[in-house]
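Here is a short briefing to read beside the model. It goes topic by topic.

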Protein chains: 2
Amino acid sequence: MQPVKIGLLGLGTVGGGTVNVLSRNALEITRRAGRGIEVARAFTRSPGKRRICPTEGIELVTDPWQVVEDPEIAIVVELIGGTSPALELVMRAIELGKHVVTANKALIALHGNEIFAKASEKGVMVAFEAAVAGGIPIIKVLREALAGNRIEWIAGIINGTGNFILSEMRDQGREFSDVLEEAQRLGYAEADPTFDVEGIDAAHKLTILAAIAFGIPLRFDQVYTEGITRITPEDVRYAEELGYRIKHLGIARRSGQGVELRVHPCLIPARRLLANVDGVMNAVVVRGDAVGPTLYYGPGAGAEPTASAVVADLVDVVRVMTADPENRVPHLAFQPDALSDLPLLPVGEIETAYYLRLSVADEPGVLADVARILADHGISIEAVIQKEGQAGQTAVPLIFLTHKVKESKLDEAASRIEAMPAVKAPIHRIRLETLE
Amino acid sequence: MQPVKIGLLGLGTVGGGTVNVLSRNALEITRRAGRGIEVARAFTRSPGKRRICPTEGIELVTDPWQVVEDPEIAIVVELIGGTSPALELVMRAIELGKHVVTANKALIALHGNEIFAKASEKGVMVAFEAAVAGGIPIIKVLREALAGNRIEWIAGIINGTGNFILSEMRDQGREFSDVLEEAQRLGYAEADPTFDVEGIDAAHKLTILAAIAFGIPLRFDQVYTEGITRITPEDVRYAEELGYRIKHLGIARRSGQGVELRVHPCLIPARRLLANVDGVMNAVVVRGDAVGPTLYYGPGAGAEPTASAVVADLVDVVRVMTADPENRVPHLAFQPDALSDLPLLPVGEIETAYYLRLSVADEPGVLADVARILADHGISIEAVIQKEGQAGQTAVPLIFLTHKVKESKLDEAASRIEAMPAVKAPIHRIRLETLE
């Protein structure tokens, strides 16, 4: 089957990331979607500029309408941001019967109602997973995965810049303005940081989440919005002392008489997972009446995390364009004729680090002998704990953490160690993963 | 439009939960799916038994084939567990052109390959979100939301019983066997706990996750599986001392030569979110090459969390049966003509707790006066910190945490407090949410 031709509006951070992901993972994506996805045309204001992606095979145009009007293009991906000309371009694409994928939260929060009405009329899809919380698939979760629930509330860290600033203020006791400057230097904050630090960006996202969660129209103008500029290091410190952390949250909640929509700094108990989401990461807690609390965590911005959401939307659209409705998503995600026969490794071939607990005679030289055997098998030691023996005990515990090693190597070393007369019991081993 | 008639196989915990969720949330579900879902028939071995759901309007049958063979029933929901007769029933339902929703992890892990082949041949959907990690929508996430990624690894706490036991061992320094007995008393562990504590249940789930993540067939027999029965309180303690926690993980990872599939206890760094998932909760970390790490957290079992997944699958199927493919999922989750006009509350109507930081004269009676004003407005105090003044400072900080109060009440109290001569600056207030 011919690949689906798509057109990109914008070839900056997210556009470049999208081109890179589509090209690097072309095979996996085709195996999942049942059909290739080809970037045919892309609009950019500066075709000669250095960018993060190759552009071979893509026709670059400096007029965005040449993307939208191209009859070959089936899906328009809007990544230019802002509301004008994004709105006009998207509305025209829909008018022409093209599907639209967008990462533009302001566009959806402010103009979603009219865009969706037009899309329904024309029978096209408008997908916007990338508009909220970057790589976290919170739109799909709320629209589809929690569809059996009455959603009670949502609370999210949905602005990475703000969370980075608050995390740094806490970790280092620094002032807001001081950390903001650093964030700007690192590229986490814009030269004009208003949208992030005043909560407007978060309010756009919360508007979208609330509409989907509660089945209400998009009403950005009614979100109560307060930024983080007035938080001081002493507030952070007192909160800590009381067992809380300060996070900038977007909260949408049903209450007796209606719905609350608010973005503001908030103390939350330090033991909550949400309180432990640091740096530029995002996370959203959703409470449904059936499922209870669920949490979704991941990178809220960046070229490829956002591209991950854009491409997921593209695959969603391509699956609908390609398969019968019943076969839209293959049971095992990949097309049945495209499963791979990757071998499964026997456990001896696995590489992990290890925790080793030995029970050894309380006599000199044992630690040295064990360490020598490990070294002989190329196993490096990350940490050791040797405990004093208690009165009356002949054996004492000796604990090692190793670096990564192939399991079969460890088996060999373990046999030799267990053969030592000073080693009083089989080694107790537990694998160790840093999850990095 | 007529509601879709479904048949349940099994009316125990998950079946009862499903009936309850479908009935309680009938309106929300219809607004989302575009069509009602009606439980027409249900198989149960003991029709007279007391159960967690009402059964009015449901025809109870004691022969499961009467559900599968019923020509009125469009979707069969298999909740009896085990592989026989579940497999025969599911295969027959597919043969008859019915869609199937199942929560049966053993069935999918062991017989998924043949079930899916048959389903593809017959053009029906087999949905199984509830088979892995209960209410966490990890199947949808992997099949759809991360479809642009090459998945590098998955690591999950996917057995709540095991996680409960390890959490209790850590919190209370208790022995495995001792906590297991408690878990059995609380109903978290079966009378025969083998499937949970030996990792077989987790291996079923990991088999399914790995197939979907990597595009490989289901190969349960090749999962390396090790349980938690040999973990001792001293291992837990030494791990803690070294900065780690012990969790029972299912890990699927691509490595140079193939794929690793393994279930075993594992030390992980204590600061990771996954290390802080306690009790019967589940969580899965997925690392994709584009998105990086994302984490999904929620209840891994229980009547309504599992029903949440079952009903999401039902809504997925009903949406396909009901709408044009392009309109399968409404843009804002709910059908455009079914949006609600819930009012948005002004911020004065919101109820939250507060952190209040005052700057007050260092003189007797101020705390008492402020506390009196709060009390006069019906605001109770949860905690107070009064700091000593530093030499040369005329004002000292005074911090209150309040219980929940309507914001307009707090505004009134704050005005009166700020009018006190001893209060030297506007109150610094930050809202506080416990997220419960």
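The place of Ala133(B) is the loop between strand 6 (126-127) and helix 6 (138-145) of chain B. This is a predicted model. Phi of Ala133(B) is near 60 degrees, a positive value in a residue other than glycine. Ala133(B) has 33 C-beta neighbours inside 10 Å, so it counts as buried.

**Positive phi and cis peptides**

- Most residues other than glycine have a negative phi, and most peptide bonds are trans.
- In chain A, Ala333(A) has a positive phi of about 75 degrees, although it is not a glycine.
- Ala333(A) sits in the loop between helix 12 (303-322) and strand 13 (351-361) of chain A.
- Is Ala333(A) buried or exposed? Ala333(A) counts as buried, because it has 22 C-beta neighbours inside 10 Å and the cut-off for burial is 20 or more.
- Ser84(A) and Pro85(A) are joined by a cis peptide bond, with omega about 10 degrees.
- Pro85(A) belongs to the loop between strand 4 (75-78) and helix 4 (86-95) of chain A.
- In chain B, a cis peptide bond links Ser84(B) and Pro85(B), and omega is about 15 degrees.
- The loop that holds Pro85(B) runs between strand 4 (75-78) and helix 4 (86-95) of chain B.

**Helix 6 against helix 10, chain B**

- Helix 6 of chain B packs on helix 10 (residues 200-214) of chain B at an angle of about 15 degrees. Their axes are 9 Å apart.
- What does that angle say about the direction of helix 6 and helix 10 of chain B? Angles under 35 degrees count as roughly parallel, and helix 6 and helix 10 of chain B are therefore roughly parallel to each other.
- The crossing of helix 6 of chain B with helix 10 of chain B is left-handed.
- From helix 6 of chain B, the contact uses Ile138(B), Ile139(B), Leu142(B) and Arg143(B). From helix 10 of chain B come Leu209(B), Ile212(B) and Ala213(B).
- The residues of this contact between helix 6 and helix 10 of chain B divide into six nonpolar, no polar and one charged.

**Helix 6 against helix 10, chain A**

- In chain A, the axes of helix 6 (residues 138-145) and helix 10 (residues 200-214) come within 9 Å. They cross at roughly 15 degrees.
- Helix 6 of chain A and helix 10 of chain A are therefore roughly parallel to each other.
- Helix 6 of chain A crosses helix 10 of chain A in the left-handed sense.
- Ile138(A), Ile139(A), Leu142(A) and Arg143(A) represent helix 6 of chain A in this contact. They meet Leu209(A), Ile212(A) and Ala213(A) in helix 10 of chain A.
- By class, the residues of the contact of helix 6 with helix 10 of chain A are six nonpolar, no polar and one charged.

**Strand 10 of chain A and its partners**

- Strand 10 (residues 258-269) of chain A is mostly covered, with ten of its twelve residues buried.
- Which strand does a hairpin join to strand 10 of chain A? The hairpin runs from strand 9 of chain A through two residues.
- Strand 9 (residues 244-255) and strand 10 of chain A run antiparallel, joined by twelve bridges.
- Within that pairing, Lys247(A) has Cys266(A) in strand 10 of chain A as its bridge partner.
- Strand 8 (residues 224-225) of chain A pairs with strand 10 of chain A in the parallel sense, over two bridges.
- Tyr224(A) has Arg262(A) in strand 10 of chain A as its bridge partner.
- Strand 10 of chain A also reaches chain B: two bridges join it to strand 17 (residues 428-432) of chain B, and the two strands run parallel.

**Chain A overall**

- Chain A has 14 helices and 17 strands.
- Its C-alpha atoms fill a box of roughly 85 × 55 × 50 Å, taken along the principal axes.
- Of the 436 residues of chain A, 54% count as buried.
- Take the contacts in chain A between residues at least 6 apart in sequence: 72% of them join residues at least 24 apart.

Technical notes. Residues numbered from 1 in each chain as written. Chains lettered and ligands numbered in written order. Predicted model: local features only at pLDDT ≥ 70, side-chain atom pairs only at ≥ 80, totals over all residues. Helix = DSSP H or I, 4+ residues; strand = E, 2+ residues; numbered from the N terminus. Contact = placed C-beta atoms within 7 Å. Pairing = 2+ DSSP bridges. Axes fitted to C-alpha atoms, helices over the stretch in contact; angles between N-to-C directions. Parallel < 35°, antiparallel > 145°, perpendicular 65-115°, else oblique. Left-handed = near helix turned anticlockwise from the far one by under 90°. Nonpolar A, V, L, I, M, F, W, Y, C, P; charged D, E, K, R; others polar.
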